[in-house]
Amino acid sequence: MTNASPHPPAASGTFHGKIGMTYEESTPWWPDPQALPEDTPNVVVIVLDDVGFSDLGCFGSDIDTPAMDALAAGGLRYTNFHTTTLCSPTRAALLTGRNHHSVGMRMLSNFDTGFPSGRGRITRAAATLSEVLRDSGFNTMAVGKWHLAPMEQTTASGPYTQWPLSRGFERYYGFLEAETDSFYPELFYDNHAVAPPKSPEEGYHLSEDLVDRAIEFITDQTSVTPDKPFFLYLGFGAAHAPHQAPREYLEKYRGRFDHGWDAERDIRHARQIERGILPPGTELAPRNPGVVPFDELSDDEKKLSVRLQEAYAAMVDHTDHQIGRLTEFLERMGRMENTITILLSDNGASQEGGQKGSLNPTAFQNGVPEDLEEMIARIDEIGTTRAHSNYPWGWAQAGNTPFKRYKQNTHEGGVRCPLIVRWPRGLPRTDEIRQQFHHVTDIVPTLFELLGLRAPAVYNGIPQLPIHGVSMAYTFDSPTEPTRKEAQYFEMFGHRALWHDGWKAVAFHQRGTPFDADRWELYHHDTDFSECNDLARARPEQLEKMISRFWAEAGKYDVLPLDDHGFAYRAKIPRPGSPRMRTTFTYYPGMAHLPGAAVPPVMNRGHRITAFVDRSTAADEGVLVSLGNISSGYVLYVKDNRLVYEYNFLGTLYAVTSADELPIGPAELTFEFVKTGDMRGVGHLYVSGKPVGTEAIPQVLPHFLGWQGLDIGRDTLSPSSPNYDGEFAFTGKLEKVVFTVAPDEESREPFERID
């Protein structure tokens with residue numbers, strides 16, 4: 001054996017031992033295991049959704065939030081912290097430390113605008129916090145709302161390149177869309193869809209489920225590798241609409257807000273000044289356009305608006321209880337002392353409930369007004385499984401006390417958000433307020449400084465964008481040190497703003513009007529915390545300086561081109577490669593629940609749905625295809641030996657039922673919608689080509705059929721129809737379901753008619 005050649009070192013890397021022909025002639029060697037310093041803290045980032053600046057008890061509200069208040073008492077509250085004014089962009093900036101346009105998330109991940117700033121996904125040139133921490137030795141886990149993947153790519157066929165497990169998280173449980181029903185959520189575990197673990201009747205609520213899963217993940221991690229730090233990203237659905245909470249929480253707030261939104265704003269404003277959240281002398285911003293004085297509402301309008309606010313408060317309170325369960329668990333496990341906890345809201349309180357509030361967010365998204373009388377008739381459903389409610393502008397304005405405007409706008413009501421930082425082992429001072437200007441891009445560099453890490457210049461072979469934020473760690477022991485932030489731009493839907501050196505210029509944009517027609521306002525934030533004293537006319541030279549700086553920042557951070565198209569416009573334009581670009585879709589039983597962003601685009605289009613079935617008896621019945629939930633959607637099913645199609649127009653059902661009973665054996669069961677005008681048509685039913693039923697469908701939704709997707713052979717989650725119970729799975733043999741969709745809205749007879 002002495003004539004044989006030794007083996008070369010292993011191809012996977014440098015080997016510092018010796019390899020001979022046998023183990024007797026060899027010396028083993030093991031690389032040192034990756035390890036962080038022994039005292040490396042854990043990181044927990046909690047993101048609330050659509051929670052206004054004043055909506056936590058520790059920021060001025062009388063909503064009960066003892067767990068979040070305890071985090072504030074044991075940490076620091078930041079009262080001059082800012083976000084991007086919308087959910088996906090804030091999350092993109094939070095996880096990368098870069099401005100949202102720069103990483104490709106100008107608005108929601110649902111859309112690709114065709115420009116680098118609006119791809120609806122985070123560029124690979126911006127490694128996420130989870131990627132860096134995982135590669136540094138952390139266990140990483142995400143629970144809850146993601147909303148950072150292109151939504152057409154959230155099907156069972158992916159691609160999974162922007163799902164949590166592909167962006168640095170090792171575990172994931174939650175929902176991928178902008179919102180979901182808290183009693184019937186669209187859930188995903190790692191890279192696949194799953195059903196909720198129990199029903200609402202058994203006590204299910206999403207917020208509880210998310211914290212249960214977070215506790216499970218941390219228990220697994222701590223039991224096996226207690227020496228490793230973990231990073232938990234917990235994104236609640238709360239308090240985004242629909243506002244839903246267990247009955248006891250809803251009952252708790254009965255009568256709490258009967259005084260109305262004007263009085264509520266006054267109460268919160270006074271409390272904020274008294275507690276040092278606002279500087280002395282801070283004015284309360286004037287009433288937003290369209291907000292009616294509460295005393296001028298009718299009795300029914302008051303009753304409805306108060307009930308809607310009660311549901312919101314109940315949801316916030318219930319969420320706080322879940323945060324309390326998490327922190328109590330971490331205390332019991334001995335991991336809270338060295339855990340950096342960061343809690344924030346992703347944007348200000350939402351204007352998406354409209355002037356009078358809503359029981360149906362699909363109505364808002366489609367621009368359809370809701371009937372007050374009908375809403376009053378359903379008032380006891382608010383907050384329950386039977387309604388998808390959102391509060392009116394008046395309560396959103398109260399949530400954003402003392403500021404102007406709301407989520408989506410770049411005035412402070414949209415971008416100023418609560419932030420709490422707690423780290424028992426690391427904060428030198430606690431139960432204090434910090435008023436330095438900071439932005440969501442500053443979270444990543446803060447954590448990097450605290451953890452002793454650096455952002456990689458190259459990641460997976462891709463040169464990286466520089467970090468745009470600045471660390472906030474200097475504020476921990478320096479309450480009055482001037483901010484180290486030099487400037488920060490804001491832009492959303494054409495609304496624009498720039499903060500620089502204590503000044504802020506801001507322009508509200510009316511959608512569809514020329515950008516040049518927008519009027520810029522100017523505020524000196526150091527003396528005008530709530531943007532009440534517009535100095536644009538008094539200081540024109542300062543305003544011009546600020547506007548020029550905005551355009552410079554816009555060029556630097558890929559903000560251009562300005563784009564004011566909203567959700568409805570974008571919803572009709574599938575991104576390249578989207579399955580929605582086809583006109584024929586064939587689905588098979590057993591397929592996973594299909595998210596709404598990837599379903600056939602039947603909205604306001606002619607279309608045909610054919611189910612190929614084989615029924616052995618007249619008793620074989622059930623759902624053939626369903627889409628949507630209690631708010632909107634459609635379903636084709638067999639019941640009592642008849643074929644039924646129902647279209648749910650914001651709670652109003654239009655049904656077509658076969659006149660005759662169905663034959664036994666193989667059959668093609670078809671529904672066809674033929675347009676007779678814009679947003680209306682006629683529904684036809686056929687059995688193996690024979691007409692069996694016709695009814696007018698006088699109104700269909702123009703853009704959007706809700707957030708809940710499509711099922712084949714059953715109706716999962718929130719039911720599409722009240723006329724059957726549970727999933728109502730089809731008991732016969734279902735071979736497939738075929739959709740044929742018109743190429744556009746103008747085609748009234750897009751395919752060969754059935755005769």
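Biologist: Which residues touch the most other members of the largest nonpolar core?
Modeller: Keep in mind that this is a predicted model. The largest nonpolar core has 75 residues, and those that touch the most other members are Leu56, Leu232, Leu234, Phe236, Ile323, Leu326 and Leu343.

Biologist: And which element gives the most to this core?
Modeller: That is helix H7, which contributes 13 residues. Apart from this core there is another one, made of 51 residues, among them Val43, Ala93, Tyr233 and Ile342.

Biologist: Let's pick Leu232, then; what is it in contact with, sequence neighbours aside?
Modeller: Once the neighbours within four places in sequence are set aside, Leu232 is in contact with Val43, Val44, Val45, Met141, Val143, Ala214, Ile218 and Leu326. As a general background, nonpolar side chains in soluble globular proteins tend to be buried together.

Biologist: Back to H7 for a moment. Is Gln309 there buried or exposed?
Modeller: Gln309, which lies in helix H7, counts as buried because its relative accessibility is 1%, the cut-off for buried being under 20%. Not counting residues up to four places away in sequence, Gln309 touches Phe257, Arg268, Tyr391 and Trp395.

Biologist: What about charges, how many salt bridges are there?
Modeller: The count comes to 42 salt bridges. One of them is in helix H7, where the side chains of Glu310 and Arg307 meet at 3.4 Å, N to O. Because Glu310 and Arg307 are three residues apart in that helix, about one helical turn separates them.

Biologist: Are those two buried or exposed?
Modeller: Glu310 counts as buried at 3% relative accessibility, and Arg307 counts as buried at 15%. Both belong to one network, in which salt bridges that share partners join Arg247, Glu251, Arg254, Arg307, Glu310 and Asp380.

Biologist: Where do Lys252 and Asp64 lie?
Modeller: Lys252 is in helix H5, residues 247-252, while Asp64 is in the loop between strand E1 (42-48) and helix H1 (66-73), so the pair ties together parts that are 188 residues apart in sequence. Their side chains meet in a salt bridge of 2.9 Å, N to O. Lys252 counts as partly exposed, with 38% relative accessibility, and Asp64 counts as partly exposed too, with 28%.

Biologist: And what does Arg416 pair with?
Modeller: Arg416 forms a salt bridge with Glu412, and the closest N and O atoms are 2.4 Å apart. Both Arg416 and Glu412 are buried.

Biologist: Where does Arg335 sit, and what polar contact does its side chain make?
Modeller: Arg335 is in the loop between helix H7 (299-332) and strand E9 (339-345). Its side chain makes a polar contact of 3.2 Å with the side chain of Asn42. Beyond neighbours within four places in sequence, Arg335 is in contact with residues including Gln221, Pro226, Phe230 and Leu330.

Biologist: Switching topic, where is Gln408?
Modeller: Gln408 is in the loop between helix H10 (393-399) and helix H11 (412-415), and at 17% relative accessibility it counts as buried. A polar contact of 2.7 Å joins the side chain of Gln408 to that of Glu352. Leaving aside neighbours within four places in sequence, other contacts of Gln408 include Thr85, Leu86, Met492 and His495.

Biologist: Last one: how do strands E26 and E27 run?
Modeller: E26 (residues 680-687) and E27 (residues 690-697) run antiparallel and are joined by seven bridges, with Tyr686 having Pro691 in E27 as its bridge partner. The two strands form a hairpin with two residues between them, and Ser688 in the turn has a positive phi of about 50°.

Definitions and conventions. Residues numbered from 1 in each chain as written. Predicted model: local features only at pLDDT ≥ 70, side-chain atom pairs only at ≥ 80, totals over all residues. Heavy atoms only, no water. Helix = DSSP H or I, 4+ residues; strand = E, 2+ residues; numbered from the N terminus. Polar contact = N/O pair within 3.5 Å; in protein donor to acceptor, adjacent residues only side chain to side chain. Contact = heavy atoms within 4.5 Å. Pairing = 2+ DSSP bridges. Core = buried A, V, L, I, M, F, W, Y, C linked by side-chain atoms within 4.5 Å. Buried < 20%, exposed > 50% of the residue type's maximum accessible area, 1.4 Å probe, protein only. Salt bridge = Lys/Arg side-chain N within 4 Å of Asp/Glu carboxyl O.
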